[in-house]
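Have the model open while you read.

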Amino acid sequence: MGEASLSLILSSKAAFARDIPSNVAAFYVHAKNAGTCSGSDLLQGGFHDTDDGPTSYGYCNRYMGDTGFYLKGPNKELVNMDIDCDGEQTSGDGRCGSSEDTQGQTAFQEEVSQYGISDLNAYIHPYVVLGNEGNYDPTFDPREHGVEPLSIVAVVCNGKLVYGIWGDTNGDDGKPLVGEASLATATACFGEEMNGDNGHDEKDVLYIAFSGKEAVPGDKAKWDAESYDEFEESIAELGDKLVAGLGKGMVSGFHSNATSARMRRFHV
């Protein structure tokens, strides 16, 4: 991706847009341009982000330490956004109908039921798929790194900051995949042309998961919301609090002269 394209991603405005704070924009630039994640920064690699793609994607905590992780591809790639339509299907506009691998429940159906709903709804809840627990290798459990089910996930996509939750896992469907989110997340990012069989192919989406029980909105979230807007608004305050820490004392040396120059170049 060229500098002009990156600038557009970080500065464009559209429907469902939430302003991207400067520290989050800087984190995006750092995460993307720092190259392939490796060594102690790489929690687990060896994943696909498409069925037929290379196993060059993984869970990275560079610049985050023990405060969470994000999904990272090789070189300057992040990951794409495939569509997950798992969960409760009694309401929606039918766009999930084109999905050929929809499951009737999410991985955290039991956990979310304590909040008075039968399951997450891919049309309403902006959930992100993290973790790989199928009959394949490698596998990855975010809980082993402090990330709790139904916790906040920040998604930087198409010039927008979207708050979602960790709501499902990549199960036993053949290959260990990363880069998947609910239809509600994809619609907020890329519009209503998204459907169960049509996601976003470019590897320019940043998913950031946060560790600790304080990242779980719990009963402060409006789980019984009737729209994406209503639910996302209910988790926005916690999302703002969590992203405010990105690059600010989390890891020493995050801010640098190189960072400032890069931010000026991309007008962030």
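## Cysteine pairing

Number the bonded cysteines in sequence order and the pattern reads 1-2, 3-4, 5-6. That comes from a search of the whole structure, which turns up three disulfides. Keep in mind that this is a predicted model.

## C37 and C60

Start with C37 and C60, whose disulfide has an S to S distance of 2.2 Å. C37 sits in the loop between helix 2 (22-33) and strand 1 (42-47), while C60 belongs to strand 2 (residues 57-60), so the link connects distant parts of the chain, 23 residues apart.

Which hand does the disulfide of C37 and C60 have? The torsion about its S-S bond is about 80°, so it's right-handed. As for solvent, both C37 and C60 are buried.

## C85 and C96

Next up is the disulfide of C85 and C96, with 2.1 Å between the sulfur atoms. Both of these cysteines lie in the loop between strand 4 (79-84) and helix 3 (109-113), so the bond ties together parts that are eleven residues apart in sequence.

The torsion about the S-S bond is -85° here, and the link of C85 and C96 is left-handed. Buried or exposed, C85 and C96? Both are buried.

## C157 and C189

In the disulfide of C157 and C189, the sulfur atoms are 2.0 Å apart.

The link of C157 and C189 is left-handed, with -75° about the S-S bond. C157 is buried, and C189 is too.

Now for strand 5 (residues 127-132). Why call strand 5 largely enclosed by the rest of the structure? Six of its six residues are buried, which is the reason for saying so.

With strand 8 (residues 180-182), strand 5 runs antiparallel, and two bridges join them.

How values were computed: Residues are numbered from 1 along each chain as its sequence is written. This is a predicted model: local features need pLDDT of at least 70, side-chain atom pairs count only at pLDDT 80 or more; totals for chains, interfaces and linings use all residues. Side-chain values use heavy atoms; hydrogens and water are left out. Buried means under 20% relative accessible area, exposed over 50%, partly exposed in between (1.4 Å probe, protein chains only). Helices (H or I, at least four residues) and strands (E, at least two) are DSSP runs, numbered from the N terminus. Two strands pair if DSSP finds at least two bridges between them. A disulfide is a pair of cysteine sulfur atoms within 2.5 Å.
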